Structure formats: structure tokens, C-alpha cells
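Trainee: I have a model open on my screen and would like to learn how to read it. Could you take me through it one feature at a time?

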Protein chains: 2
Amino acid sequence: MSAIETKQRILRIASELFARQGFTGTTIADIARELGTTTAALYYHFPSKADILAGLLAEPLASYQRIMTSLAAGAAAPEEILGAFVDLNTESRELGTVIDRDPAVLAMIDERLPRSSRELMAEVVAALAGPDADRAALIRASAALAVVKGATSAALELAPDGKLSPDDRAEVLATALRALAPDPMPKPPPGRAS
Amino acid sequence: MSAIETKQRILRIASELFARQGFTGTTIADIARELGTTTAALYYHFPSKADILAGLLAEPLASYQRIMTSLAAGAAAPEEILGAFVDLNTESRELGTVIDRDPAVLAMIDERLPRSSRELMAEVVAALAGPDADRAALIRASAALAVVKGATSAALELAPDGKLSPDDRAEVLATALRALAPDPMPKPPPGRAS
DNA sequence: GTCTATACCCGGATAGAC
DNA sequence: GTCTATCCGGGTATAGAC
């Protein structure tokens with residue numbers, strides 16, 4: 001088995017284990033056992049446990065930054081932004097749960113990013129809420145993002161083939177947009193017969 | 001300082017640290033330092049680190065089970081269910097982030113509960129989605145729950161006094177309900193003039 | 001490229017004095 | 001109730017043979 005091939009296997013195994021047990025909760029020995037070798041063999045392919053995580057995070061993090069730059073470029077439609085995050089969560093479904101579950105992972109990511117992940121999220125919320133957003137609008141924007149994350153992973157779990165069908169994607173997106181939009185009529189004004 | 005008083009201080013400190021660094025990411029030494037004593041002193045008040053967490057979790061877990069039994073009793077309105085979870089997240093705001101972030105914590109909770117937390121969540125989703133729910137309805141129900149968690153914590157962070165105002169609570173609830181409701185008209189059927 | 005063996009550190013927990 | 005000192009286990013990482 002070529003070195004590069006083994007490297008891929010390690011990443012695949014690590015991805016599963018991290019998703020199930022978290023990054024901190026997964027030991028090098030866990031990965032080695034699943035791989036069928038010893039921990040020492042692992043260190044031939046990766047210099048450290050953190051580097052395994054970094055290898056896993058490289059692509060999704062690049063996608064993420066692409067979204068952020070396109071977001072900084074101009075006023076993107078909420079639909080575009082939310083759709084991009086649905087796709088990001090779909091591509092790297094296992095990692096999505098890993099990332100914000102483990103503070104150690106958060107810290108690692110913050111090292112590799114220009115701005116902290118909290119700041120980045122705040123930017124996305126601001127972009128979704130629009131320029132003159134009151135607190136209610138910010139709440140709704142946070143809600144829309146929560147929907148994207150929660151509903152996407154729910155849809156992926158419910159899907160028989162583990163893939164996000166176009167219908168499901170549309171449902172998630174529509175739900176997020178409904179969350180984002182203010183209530184059309186919170187309470188029908190009294191004195192106005194239907 | 002009385003023992004009972006110190007115990008409360010420990011719980012308070014632990015709550016903060018767990019929220020910031022996660023349960024696994026927080027060491028007994030961290031807590032002791034913040035407390036101004038040594039780790040050995042901590043063990044006079046709590047037999048183990050896990051027991052500190054258990055002390056923190058006791059109340060919110062009881063609330064949670066209260067919700068579940070009332071849910072099992074009869075068909076509660078979605079509004080009631082979602083409202084109950086908003087309140088639960090508000091009362092134990094710091095813990096909410098701790099609980100499902102750390103697999104170790106999840107495991108501990110599952111030990112103390114009759115059913116696994118995954119099963120419980122599935123029950124709530126089912127109750128929200130209704131008896132004859134298709135996959136889209138289940139997705140929306142998951143989304144509504146995600147809104148409750150995400151938007152409540154966002155609202156708490158945005159609030160100047162760190163408290164959830166009635167207005168904000170209403171906004172969160174309305175948003176969750178919009179997420180839950182199917183799209184009124186996803187696409188106006190063609191051939192039917194407005 | 002993978003092994004055995006082991007160094008090293010850190011975190012949870014205990015013993016026993018005060 | 002709190003201290004000093006220490007044990008013990010487990011986890012990352014390395015050395016060096018094969």
C-alpha cells in the first residue's frame with residue numbers, strides 16, 4: 001500500500017472517529033487500531049495528531065473562506081449565503097459536528113484563520129440581517145444559520161442513501177428563509193374582520 | 001466559609017469554565033486555581049470531577065424530564081413544546097452549550113437517563129412534526145429545535161443585561177414556529193392567474 | 001513502512017499531616 | 001477544610017531495530 005493511499009485511509013478513519021467521539025475524545029491508538037497498525041506507524045504519515053485534523057480541515061476551511069470573501073465583495077442575497085452554507089455542511093458533514101463541539105478544535109482553527117471564528121460568524125449574521133438590523137433581525141439571522149446547520153444534518157441522517165436530495169435541500173433552504181423573514185402578521189390587528 | 005457555600009462557589013466557577021473550555025477541556029486544577037485553593041481541597045467537597053458536572057446538571061435535567069413526561073401525556077401544542085425548550089435553554093444557558101458539545105458529557109447523561117439523548121430528541125421531533133409526518137416535516141421539526149437552541153443563545157448574548165426579554169422570547173418563539181410551518185406557497189402552481 | 005519499547009507529561013485522584 | 005506530596009493511568013510522541 002502506497003504511502004499516499006495510507007494517508008487517505010487515515011484521514012477517512014479519523015474523520016469517522018472524530019465525528020463519533022470528538023477530536024479530544026479520540027486517541028491516536030483508536031485510529032491505529034482501526035487502521036490495523038500501531039501508533040508509531042501513524043507517526044510515519046503524520047507528524048502529530050493535530051496535523052491529522054488539519055489535513056481534514058483544509059478543504060472545508062478553504063470553502064468557508066471562499067464564502068467569506070464573496071460575502072465581503074458585495075451584498076449577496078440571503079438565499080445565496082444560506083445555500084452556500086447548506087452545501088458546505090453537506091460536503092463536510094462529519095466535520096461540521098466536530099468543529100464547534102470541541103473547544104480545542106476551535107482554538108486550532110482560530111490559529112489558522114485571520115479572524116476568530118466568532119467574529120466570522122458575526123459577519124455572516126450581519127450580512128444576513130442586512131444593514132439596518134435591529135436586535136430582532138439579528139436573532140432571526142442567527143436562527144437561519146442554526147436551521148442550516150441543524151436541518152441539514154437532520155436531513156442527511158433521514159435520507160436513506162445519506163445524500164441530500166434536491167428536494168431536501170430545497171426544504172432546508174426554504175425553512176431557513178422562513179426563519180429569516182420577519183413575521184408577516186404577528187397578530188392580526190383587531191377590528192378588522194377577515 | 002461554610003462547606004455548603006464553598007460548594008456553591010465551586011459549582012458556579014465550574015459552570016463558567018465548562019462553558020468556555022468544555023468539560024474535558026477543563027481540569028480540576030483550573031477550577032482550584034479560580035477557587036484560590038488546591039486540587040486536594042476540591043476533593044473534600046466533591047468526590048470526583050464527574051460529580052461536579054452532575055451537580056450542575058441535576059436541575060436542568062429534571063426540567064427536561066418534566067417536559068418529556070408532559071409531552072408523553074398528550075398531544076401538546078408545538079408552541080408549548082418549543083416555549084418550554086426556550087425556557088429550559090434560558091435557565092441553564094451555560095450548560096446548554098456544554099451538554100451537546102462534549103461526547104464525554106453526552107455519555108454521562110445517557111447513563112443517568114432512561115433513554116438515550118438521541119432517542120429523546122427523536123421523540124421531541126416526532127411530537128413537533130405530528131402523527132403523519134413525511135420527511136420534510138421531520139426536517140422542519142429539527143429546524144425548529146435548532147432555532148430554539150441557536151436563537152435563544154444568540155438573543156441572550158445580544159441582550160444588554162444578559163436576560164431574555166419577553167419581546168426577545170416572543171421573537172425566538174415566532175421564528176421557531178415559522179420554521180416549523182410548511183411553506184404557504186412554495187411555488188404558485190402555474191396556469192393559475194393570481 | 002511498520003514494529004517493540006519506552007520516554008515524557010499531564011490529569012484525576014488519594015494519603016496523611018496540620 | 002485545606003495543605004504537601006505522591007500515585008497512577010492514559011495519551012502523545014520518539015528511538016531505533018527490522
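Mentor: Gladly! Let's begin with what "near" means: a residue is near a strand if one of its heavy atoms lies within 4 Å of it. Keep in mind that this is a predicted model.

Trainee: Which residues come nearest to DNA strand D?

Mentor: There are 16 residues around DNA strand D, and those that come nearest are A:Ile28, A:Tyr43, B:Ala3, B:Thr38 and B:His45. By class, this surface has 7 nonpolar, 8 polar and 1 charged residues.

Trainee: And which part of DNA strand D lies within 4 Å of the protein, sugar or phosphate, or bases?

Mentor: Both parts do: 64% of those atoms belong to sugar or phosphate, and the rest belong to bases.

Trainee: How do I read the polar contacts to the phosphates?

Mentor: Look for a pair of N or O atoms within 3.5 Å. For A:Tyr43, a polar side-chain atom lies 2.7 Å from a phosphate oxygen of DNA strand D. Turning to elements, helix 3 of chain A and helix 3 of chain B give two or more residues each to the surface near DNA strand D.

Trainee: Which helix gives the most to the surface near DNA strand D?

Mentor: Helix 3 of chain B does, with 4 residues.

Trainee: Let me try DNA strand C. How many residues surround it, and which are the closest?

Mentor: DNA strand C is surrounded by 15 residues, the closest being A:Ala3, A:Thr38, B:Ile28, B:Tyr43 and B:Lys49. They divide into 7 nonpolar, 7 polar and 1 charged. Among the atoms of DNA strand C within 4 Å of the protein, 65% are from sugar or phosphate, with the rest from bases.

Trainee: How do I read a helix pair, then?

Mentor: Take the angle between the axes, the handedness of the crossing and the residues that meet. In chain B, the axes of helix 1 (residues 3-21) and helix 2 (residues 28-35) come within 10 Å and cross at roughly 125°. That makes helix 1 of chain B oblique to helix 2 of chain B. Their crossing is right-handed. Among the residues that meet are B:Ile13 and B:Leu17 from helix 1 of chain B, and B:Ile31 and B:Leu35 from helix 2 of chain B. This contact has 7 nonpolar, 1 polar and 3 charged residues.

Trainee: At what angle do helix 5 of chain B and helix 9 of chain B pack?

Mentor: Helix 5 of chain B and helix 9 (residues 135-158) of chain B pack at about 40°, and their axes are 9 Å apart. The two helices are therefore oblique to each other. Helix 5 of chain B passes helix 9 of chain B in a right-handed crossing. B:Phe85 and B:Val86 of helix 5 of chain B are among the residues in this contact, as are B:Leu145 and B:Val148 of helix 9 of chain B. The contact residues divide into 7 nonpolar, 3 polar and 1 charged.

Key:
Residues are numbered from 1 along each chain as its sequence is written. Chains are lettered from A and ligands numbered from 1 in the order in which they are written. This is a predicted model: local features need pLDDT of at least 70, side-chain atom pairs count only at pLDDT 80 or more; totals for chains, interfaces and linings use all residues. Side-chain values use heavy atoms; hydrogens and water are left out. Ala, Val, Leu, Ile, Met, Phe, Trp, Tyr, Cys and Pro count as nonpolar, Asp, Glu, Lys and Arg as charged, and the others, Gly among them, as polar. A polar contact is a pair of N or O atoms within 3.5 Å; within protein, one must be able to donate a hydrogen and the other to accept it, and residues adjacent in sequence count only if both atoms are side-chain atoms. Axes are lines fitted to C-alpha atoms, for helices over the stretch in contact, and angles run from 0 to 180 degrees between N-to-C directions. Angles under 35 degrees count as roughly parallel, over 145 as roughly antiparallel, 65 to 115 as roughly perpendicular and the rest as oblique. A crossing is left-handed if the near helix is turned anticlockwise from the far one by less than a right angle, and right-handed if clockwise. Contact means heavy atoms within 4.5 Å.
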